[in-house]
Amino acid sequence: MPRRAAPAAEPPADRLFPKAVKARGTRKVGLGWAATLPPLAGYQMTSEQTPVLWPLISGDGLPPWGAEMGYDVLSGGKFYCDPMGWVLDDTIPVTNPNIFIFGKPGRGKSAMVKAFMLRMIRYGYRSLVLGDVKDEYEDIARFLRVEPFRIGPGLPGRINPLDFGPLGLDWQTQTREEQHRRATVTFNRWLFLIRGLVGSQGVAFTPTEERVINKVLRHLTGWTAGSSRLAPVTIPKVWAALDAPSGELVADCRYSSRQDFFDGTRQLRDALGALCEGSLQGMFDTESTFHPDWREPIQTLSLRSLHDTGNNVAVGIALMCLNSWGQGMREVAAAGDRRIVLRDEAWLQTRLSLEAVMALDANLRLSRTEGDIQVVTYHKPSDPLSAGDQGSQAAQIAKDLLNLSDVRILMGQDEAVAAELGALLGLSDLQQGVVTGWAMQEKGRALWMVGDQRYKVQTLLTPLEKRLTWTNDAIDVA
Ligand SMILES: Nc1ncnc2c1ncn2[C@@H]1O[C@H](COP(=O)(O)OP(=O)(O)OP(=O)(O)O)[C@@H](O)[C@H]1O
Ligand SMILES: [Mg+2]
């Protein structure tokens, strides 16, 4: 049995460290004496070169402002997240405040976002959840005394994805130049949405279709006729205009006859017609009944009843409609209106088609408001790739999409995903190991990529947040 070392006598107060310990340790039982010294190799390098060998060595850390997310495992210090503050600070290599979160299901992506939203309220941020497919943001909304808005088959709520949004306000009083600017932004957003919707039905959207849709939208709103007030448009109206085209539209689209027009636009009409019937009927085909109160701390659009029908294509299309609508709503934000705009489970949308990826890409890109932090969650970095063949165009668009955010949070992933972390996000083997190993051991663990800096962070939830973010009810019951 090892003998217990006698408790060391208290050193005198003026000599806390009475003598230096020799390299081999102290030659006494229980004090760790080594007979031979371990071979040590010495290297000399500059501090610029060290990160090559120790890429995760803790750097300067980020400034202590914004949401306290948890702790930086390497430095032991608190870890704060303030994307907008990072953009404004030139010492941090972040030029846009968008955040992409990746992680295997159940690793805590949504929980992290919820904690972030709650903790940013203190800094004046409000949240907009564009499509909550599990109704999991309802608890937070009710906690903040906001009634969530529900959309689904048979429910009374309606959203018109072709809403003008605030760009349509005070239209008559704007100068002609301003009207032109606003019209361009709005028509572009609508075009991207329709391209995505049509593409998700497997119909090609060529420049011919683009021209037809552009003309229809301009005709329907009265923009072509130079109206002082623009008429509201919905998807069924677009479809109806194609189904019973005016002579003017036929000529404008350069078709020689109505029959020629019908032949040329058959697929486009059928694709749009399919959207006005079936599982999405009565959700996105009339004017919006939801008029968000932007002063509320959170706005959430629940989609669970649609999700529960098991029709994933319909969910993807619904997300696309909500994204476009939400982007329109945020086009003109009042000064100081800071918002976290969340697109949870974006993979449901982007796996529909390449056009659906492009629609999300356009939503993020066209977003011209200053105060918004766009948050997108995915399962894995290659999710957008599932939209098309592993061909170069799909790959390029997926990569481009990733480039729209300077902050990427990588929660736990399976070993099988390691290679794509390297290929798509440029992680070294060691960093891949952090994501597939360390981050898998505990919920809330993630490798944060802030510009070119990397942090190993454990997110902590308060007991209240744990209750509000609990998503295991169904599993619990089972
Ligand atoms: N940091 C954390 N500490 C403790 N529990 C956590 C933490 N993060 C998440 N959880 C718990 O783990 C469960 C799953 O989390 P969450 O729903 O956020 O996962 P997810 O990654 O969004 O999954 P999915 O991809 O299925 O949406 C929740 O019940 C949540 O409360
Ligand atoms: Mg989730």
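## Reading pockets, cavities and contacts

Q: Which residues lie nearest the centre of the second largest pocket?

A: Asp 163, Gly 165, Pro 166, Leu 169 and Met 329 lie nearest its centre, among the 21 residues that line the second largest pocket. Before we go on, a word on conventions. The model is predicted: local features need pLDDT of at least 70, side-chain atom pairs count only at pLDDT 80 or more, and totals for chains, interfaces and linings use all residues, while side-chain values use heavy atoms, with hydrogens and water left out. Residues are numbered from 1 along each chain as its sequence is written, and chains are lettered from A and ligands numbered from 1 in the order in which they are written.

Q: What is a pocket, and what is a cavity?

A: Both are found on a 1 Å grid over the protein atoms alone. A cavity is a set of points where a 1.4 Å probe fits but cannot get out; a pocket is an open set with protein on both sides within 12 Å along at least five of seven lines; and lining residues have an atom within 4 Å of a point. Grid points are joined across faces, edges and corners, and a volume is the space filled by probe spheres set on the points. Here, the second largest pocket holds about 470 Å³, and the largest pocket about 1000 Å³.

Q: What are the classes of residue in the lining of the second largest pocket?

A: Ala, Val, Leu, Ile, Met, Phe, Trp, Tyr, Cys and Pro count as nonpolar, Asp, Glu, Lys and Arg as charged, and the others, Gly among them, as polar. In this pocket there are 14 nonpolar, five polar and two charged lining residues. For the largest pocket, the lining divides into 11 nonpolar, 11 polar and 15 charged residues.

Q: Which element gives the largest share of the lining of the largest pocket?

A: Elements are DSSP runs numbered from the N terminus: helices are H or I with at least four residues, strands are E with at least two. The protein has 18 helices and 11 strands. Helix 3 gives the largest share here, five residues. Helix 10 (304–307), strand 11, helix 17 (463–468) and helix 18 (473–477) each supply at least two as well. Of the 37 lining residues, Glu 136, Thr 469, Trp 470, Thr 471 and Asn 472 lie nearest the centre.

Q: How many residues surround ligand 1, and which are the closest?

A: A residue is near a molecule if one of its heavy atoms lies within 4 Å of it. Ligand 1 has 20 such residues around it, with Gly 106, Ser 110, Ala 111, Lys 134 and Thr 471 the closest. For polar contacts with the ligand, look for a pair of N or O atoms within 3.5 Å. Oxygen atoms of ligand 1 lie 2.7 Å from a polar side-chain atom of Ser 110, 3.0 Å from a side-chain N or O atom of Glu 345, and 3.2 Å from one in Thr 469.

Q: What lines the second largest cavity?

A: Ile 99, Ile 101, Met 112, Val 113, Phe 116, Val 375, Ile 409 and Trp 448 do. Two or more come from each of strand 3 (99–102) and helix 3 (109–120). Helix 3 has the largest share, three residues.

Q: Is Leu 230 buried or exposed?

A: Buried means under 20% relative accessible area, exposed over 50%, and partly exposed in between (1.4 Å probe, protein chains only). Leu 230 is buried, because its relative accessible area is 12%. Leu 230 sits in the loop between helix 6 (207–221) and helix 7. Leaving out residues up to four places away in sequence, Leu 230 touches Phe 164, Trp 171, Thr 221, Gly 222 and Trp 223, where contact means heavy atoms within 4.5 Å.

Q: Which residues of helix 16 are buried, and what do they pack against?

A: In helix 16 (residues 429–436), the buried ones are Gln 431, Gln 432, Val 434, Val 435 and Thr 436. They pack against strand 9 (407–411), helix 15 (418–425), strand 10 (445–450) and strand 11 (453–459).

Technical notes
A polar contact is a pair of N or O atoms within 3.5 Å; within protein, one must be able to donate a hydrogen and the other to accept it, and residues adjacent in sequence count only if both atoms are side-chain atoms.
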